[in-house]
Amino acid sequence: MTHPPAIVVGELLALRRSLRGTKWDSIHLDHFVQVLCRLDRDRHGFTLDDLHAIENAWVGEPSETWSGGFVVRLKDGSRAHVDGRAGQAHWSDDSDIEACLLGTDERQPELGSRYGWQTHAWNEELARTLNEFLVRFAAQHGQPPEESSR
């Protein structure tokens, strides 16, 4: 079932707020939720409703700005890489999201060559946490939770 984007974003933000002060509370989750809220079918080719599972994720080193991304498997079987960057204004004018579909033989993008100015690496534990969050969201969103195994 596909819901209007405003309803989906509202439900996603409500779930995030409900997790404040729990083991789920983290700045990385805040930023990843902002990335998920901003996925747009016209601009990126898919939305939050199209996600099946996050295969791997990364975050940048702590600094004045935040950067992070993930490789996601979509419900149609295709895969995509999503990058998000939030500047000092925290998801205002100095922020951006980029997404691209991955080729069938491309496991995940090489991060170092794309973002040599910042050190970061793939983090499977972060991907597991994001998948657990998406399962919670699917249950709240009225969709049966899907397997999030890789």
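Predicted model: local features only at pLDDT ≥ 70, side-chain atom pairs only at ≥ 80, totals over all residues.
Strands S1 and S2 run antiparallel and are joined by seven bridges, with leucine 51 standing opposite leucine 74 in S2. This pairing belongs to an open sheet of four strands, in the order S1-S2-S3-S4, whose pairing is antiparallel.

- In general, the strands of a sheet pair through backbone hydrogen bonds, and the pairing may be either parallel or antiparallel.

**Strand S3 and its two partners**

- On one side, S3 pairs with strand S2 (residues 66–74) in the antiparallel sense over eight bridges, and valine 72 stands opposite alanine 80 in S3.
- The hairpin of S2 and S3 has four residues between the strands, and in it glycine 77 takes a positive phi near 95°.
- S3 is also joined by six bridges to strand S4 (residues 96–101), again in the antiparallel sense, and here alanine 80 stands opposite leucine 101 in S4.
- Strand S3 (residues 79–86) is mostly covered, since eight of its eight residues are buried.
- The cover extends to both faces of S3, with Arg79, His81, Asp83 and Arg85 buried on one side and Ala80, Val82, Gly84 and Ala86 buried on the other.

**Helix H5**

- Helix H5 (residues 124–140) has 17 residues, which at 1.5 Å a residue should span 24 Å, and its end C-alpha atoms are 24 Å apart, in agreement with that expectation.
- The buried residues of H5 are Leu126, Ala127, Leu130, Asn131, Phe133, Leu134, Phe137 and Ala138.
- Seen down the axis of H5, these buried residues fall within an arc of 160°, so they line one face of the helix.
- At the start of H5, a side-chain oxygen of asparagine 123 comes to within 3.1 Å of the backbone nitrogen of glutamate 125.

**Cysteines**

- The count of disulfides in the model comes to zero, a disulfide being a covalent bond between the sulfur atoms of two cysteines.
- Cysteine 37 is buried, with a relative accessible area of 15%, whereas cysteine 100 counts as partly exposed, at 34% relative accessibility.

Methods
Residues numbered from 1 in each chain as written. Heavy atoms only, no water. Helix = DSSP H or I, 4+ residues; strand = E, 2+ residues; numbered from the N terminus. Expected span 1.5 Å × (residues − 1). Buried < 20%, exposed > 50% of the residue type's maximum accessible area, 1.4 Å probe, protein only. Arc of directions from axis to C-beta. Polar contact = N/O pair within 3.5 Å; in protein donor to acceptor, adjacent residues only side chain to side chain. Disulfide = S-S within 2.5 Å. Pairing = 2+ DSSP bridges.
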